[in-house]
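Visitor: Could you take me closely through the part of this model where the ligands are held, and describe what surrounds them?

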Amino acid sequence: MSRQDILDSTEEGSIERQLFEKIDISRLPAHIAVIMDGNGRWAKGRGLPRVEGHRSGIASVREIVETCARLDVPILTLYAFSVENWKRPRSEVDVLMKLLKQYLRLELSTLMKNDIRFQVLGRLSELPGDVVSELEAGMERTRDNRGLLFNIALNYGGRAEITDACQRIVNEALACGEAPKIDEAFFAQRLYTAGIADPDLMIRTSGELRISNFLLWQIAYSEIWVTDTFWPDFRKRELFEAIIDFQKRDRRYGGIAASTRSTA
Ligand code: IPE
Ligand code: IPE
Ligand code: MG
């Protein structure tokens, strides 16, 4: 996958091509995380049942995964189902699980072809058995791929992840009979994202200005980009807009602005 693939997949003179040409390929975010929101409202606006929004959202997932792979973005994390989403009607949850299974079954060959490694973040064991088998098969098949790392946050909660990490630390301490010295690096190694760089860019679709329990620990210094576009309408174009905006940010990490650094 390469820059050439993007040029091949965008028409000369199109908005996508113009946006792509504004991206500095040497300064891409190493990890993009996305809160895929607004499927229900997308469907409602068209007089369709909510689940039709979820169905249409799959095409956006496909395009964003493929575009990140082509750009050589190292890590993409998509928030697909939160621990709080079980509050939704049973019929909607069932469709979401079914779509997930279908997506994996249909996309596995594309993931393999594009050297994409697939991983799940979340409490896997609480998901239906048939979904877990499909997810495990996907992770196993793509395990040795070395291109894009594609994480799906599923039955995921930021607070659940932090409490799970605490439980792991306690269990380890009990097993070895010794209280560990805990620092940030030690703690991060017990999260679902152990070994994965924090997101540089966090995108939320459909205009809501909240985090909804996503990657609470990891987004400490992520740049946030929110669009009013609903997830089923989110494509390359919006992704490129987010990256261009990201590249204009001055990431200070508590320090001072880049423009004043040399004169300070
Ligand atoms: C995002 O769309 C998908 C999931 C949370 C699973 P929503 O279903 O939340 O759509 P809205 O926010 O109700 O429009
Ligand atoms: C966040 O969206 C969860 C996912 C995208 C999976 P929600 O639609 O569940 O968030 P709230 O309820 O608007 O905060
Ligand atoms: Mg929502």
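Guide: What follows is a walk around the two ligands, taken one after the other. The model is a predicted one, and the description should be read with that in mind.

I begin with ligand 1, which sits in the largest pocket. The shell around this ligand consists of Met 36, Asp 37, Gly 38, Asn 39, Gly 40, Arg 41, Arg 50, His 54, Ala 80, Asn 85, Arg 88 and Leu 96. By class, these residues divide into 3 nonpolar, 5 polar and 4 charged. Two helices, helix 3 (39-45) and helix 4 (50-71), each supply at least two residues of that shell, and helix 3 gives the most, with 3 residues.

Taken alone, ligand 1 exposes 380 Å², of which the protein buries 87%.

Ligand 2 likewise sits in the largest pocket. Its surroundings are made up of Ile 35, Met 36, Asp 37, Tyr 79, Ala 80, Phe 81, Ser 82, Asn 85, Arg 88, Arg 204, Arg 210 and Ser 212. The shell around ligand 2 comprises 5 nonpolar, 3 polar and 4 charged residues, and the element that gives the most to it is strand 2 (residues 75-82), with 4 residues.

The polar contacts listed here for ligand 2 involve side chains. A polar side-chain atom of Asn 85 lies 2.9 Å from an oxygen atom of ligand 2, and an N or O atom in the side chain of Arg 88 is 3.2 Å from an oxygen atom of that ligand. From Arg 210, a side-chain N or O atom is 2.8 Å from an oxygen atom of ligand 2. On its own, ligand 2 has 390 Å² of accessible area, and the protein covers 78% of that area.

Notes. Residues numbered from 1 in each chain as written. Chains lettered and ligands numbered in written order. Predicted model: local features only at pLDDT ≥ 70, side-chain atom pairs only at ≥ 80, totals over all residues. Heavy atoms only, no water. Near = heavy atom within 4 Å. Areas by Shrake-Rupley, 256 points an atom, 1.4 Å probe, with all protein chains shown as cover. 1 Å grid on protein atoms, 1.4 Å probe; cavity = no way out; pocket = protein on both sides within 12 Å on 5 of 7 lines; lining within 4 Å. Sits in = over half its atoms within 2 Å of the grid points. Nonpolar A, V, L, I, M, F, W, Y, C, P; charged D, E, K, R; others polar. Polar contact = N/O pair within 3.5 Å; in protein donor to acceptor, adjacent residues only side chain to side chain.
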